[in-house]
Amino acid sequence: ETVVVLFNRDLRVGDHPALAEACAGARHVLPLFVLDPGMDARGRAGFLAECLADLRASLRDRGGDLVVRRGDPAAEAVRLAREVNASAVWASADVTAYARARERRLARDCERERLEFRLFPGVTVVPPGRLIPTGGDHYKVFTPYWRAWAGTRWRELVEAPERVSLPPGVEPGELPEAEREPYVPGGESRVRRRMELWLRHGLEDYAAGHDDLAGDRTSRLSPYLHFGCVSPLELARLGSRNEEFVRQLCWRDFYHQVTYAFPEISRRDYRPRGRDWNEDKDVAQAWREGMTGIPIVDAGMRQLAAEGWMHNRARLIVASYLTKTLGVDWRVGADHFADLLLDADVANNCGNWQWMAGTGNDTRPNRVLNPIRQARKFDPEGEYVRRYVLELQSYPGGAVHEPWRLSRPVRGYPSPITAQA
Ligand code: FAD
């Protein structure tokens, strides 16, 4: 008996329920990844290429391989299953409209070909759809979801298989070329040590330090969580002694759960806004380029351009500034994030953007973050700003947050595009 395990956003061998069960029960297992031309990896292509190379190496160490194909994942999985005379196609369940349409195609094609099709957990801690509020269709607000999530029994972790036995005669196929080296190395074996170190040295300090912009004291595990190089369940179990940290993983599950229940979240307002957006293209472009003249906003945007990552506090500030202060549509911001972030994720990206724009799940939709006050609080010495806004590098202390008050003019740096500052 042969099982095809279709990989997607679960690029690991550890705690992979579909892979573990296939290896425990079937004679042969064919791990497959299909490069889907419809899925534009944008700034993530290099990171993805490293994740795939790492997964292939881990599977080869176990006697197997990662078979790589190009095309529609559903069609390719079924075609390959027929080629090797497999009896089943298994995958980890995902949440977006795109992924669920693919799962439906797979289910239909498998049925036609008399293949068993099964979906397994693994992309979130608690599977979306598992927690349902009494009397409601899905959780719309975080706090009740968090209470239910923290109180539910999580599944047990599963071990990485010791051996993966590939069916004979399968051409492995070429991995994609990394067009550009990513800012951080991709792959499960590369992140393992990073995760262990962070849990040992960073976790204790998380509640006090996660908003410290210059200190950079968050885990930076988000790209690995996005591609599934880290099991969110394993991370939640290992980090469970710090509630504040586990709460962040619950936010991730929450947005996956909301996306599962309301897949239009990636394009349509979760709650109607009732006002027009500002369509001034120059304003949006200044924001993208980190040239708004508000140093804390520009520092965040330039960190994004340089590293493919931005600190969460900075994400909140730049998102509030774009949508609330400048009045620009959150989709403009979310699209730019999706272009550049290594961790860009439909659920987390659109969920957080809508939350900040006041069209989402926030219970205080009119909240506006004052960028200067935020800067003084979370970057009091101006270190974060100086790290990314080089025009301000030679100005000491927190005064960099308001360059228009400096006695010495700043060369090459614009004045604020908004009067509010
Ligand atoms: P840590 O603080 O170490 O947290 C651990 C993990 O918890 C993160 O890796 C992430 O998976 C999860 N997490 C933390 N905060 C959130 C949150 N607010 N919502 C959902 N999950 C969270 N995160 C993404 O993974 N992809 C995105 O595309 C994304 N877009 C965002 C857009 C905006 C406007 C905002 C405000 C936030 C966005 N976030 C997104 C959430 C958050 O900023 C990042 O997950 C976090 O900064 C990643 O850094 P870290 O791994 O060091 O996080």
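Aspartate 15 is buried, because 24 other C-beta atoms sit within 10 Å of its own (buried means 20 or more such neighbours, exposed 12 or fewer, partly exposed in between, with C-beta atoms placed from the backbone). The model is a predicted one, where local features need pLDDT of at least 70, side-chain atom pairs count only at pLDDT 80 or more, and totals for chains, interfaces and linings use all residues. Numbering starts from 1 along each chain as its sequence is written. Aspartate 15 falls in the loop between β1 (2-7) and α1 (17-25); helices (H or I, at least four residues) and strands (E, at least two) are DSSP runs, numbered from the N terminus. Its phi is near 40°, a positive value in a residue other than glycine. Most residues other than glycine have a negative phi. Arginine 220 also has a positive phi, near 55°, and is found in the loop between α7 (206-209) and α8. Arginine 220 counts as partly exposed because it has 18 C-beta neighbours inside 10 Å.

Arginine 69, in strand β3 (residues 67-70), is buried, since 20 other C-beta atoms lie within 10 Å. Leaving aside neighbours within four places in sequence, arginine 69 is in contact with Leu32, Val34, Glu76, Leu80 and Gly173 (contact means C-beta atoms, placed from the backbone, within 7 Å). Arginine 69 and glycine 173 are 104 residues apart along the chain, yet 6.3 Å separates their C-alpha atoms.

As for the overall layout, the protein chain is assigned domain 1 (2-122), domain 2 (124-155 + 191-261) and domain 3 (281-405), with bounds from an automatic or database domain assignment. Between the C-alpha centres of domain 2 and domain 3 there are 23 Å. Their contact involves 18 residues of domain 2 and 19 residues of domain 3. On the domain 2 side, α8 (222-227) and α10 (243-261) each bring at least two residues, and α10 gives the most, with 5 residues. That side of domain 2 splits into 7 nonpolar, 5 polar and 6 charged residues; here Ala, Val, Leu, Ile, Met, Phe, Trp, Tyr, Cys and Pro count as nonpolar, Asp, Glu, Lys and Arg as charged, and the others, Gly among them, as polar.

The ligand has 27 residues around it, the closest being Thr218, Ser219, Ser222, Asn349 and Asn352 (near means a C-beta atom, placed from the backbone, within 6 Å of the molecule). Domain 2 and domain 3 each put at least three residues into this shell. At the level of helices, α8, α10, α13 (312-325) and α15 (346-357) each supply at least two. By class, the shell holds 12 nonpolar, 10 polar and 5 charged residues.

Helix α15 also packs against α14 (residues 330-340), at an angle of about 145° and with axes 10 Å apart; axes are lines fitted to C-alpha atoms, for helices over the stretch in contact, and angles run from 0 to 180 degrees between N-to-C directions. Trp330, Gly333, Ala334, Phe337 and Ala338 of α14 meet Asn349, Cys350, Trp353, Gln354 and Ala357 of α15. The tally for this contact is 7 nonpolar, 3 polar and no charged residues.

Finally, methionine 291 sits in the loop between α11 (281-289) and α12 (295-307). Methionine 291 counts as partly exposed because it has 18 C-beta neighbours inside 10 Å. Not counting residues up to four places away in sequence, methionine 291 touches Ala286, Asp298 and Pro414.

Technical notes: Two residues are in contact if their C-beta atoms, placed from the backbone, lie within 7 Å.
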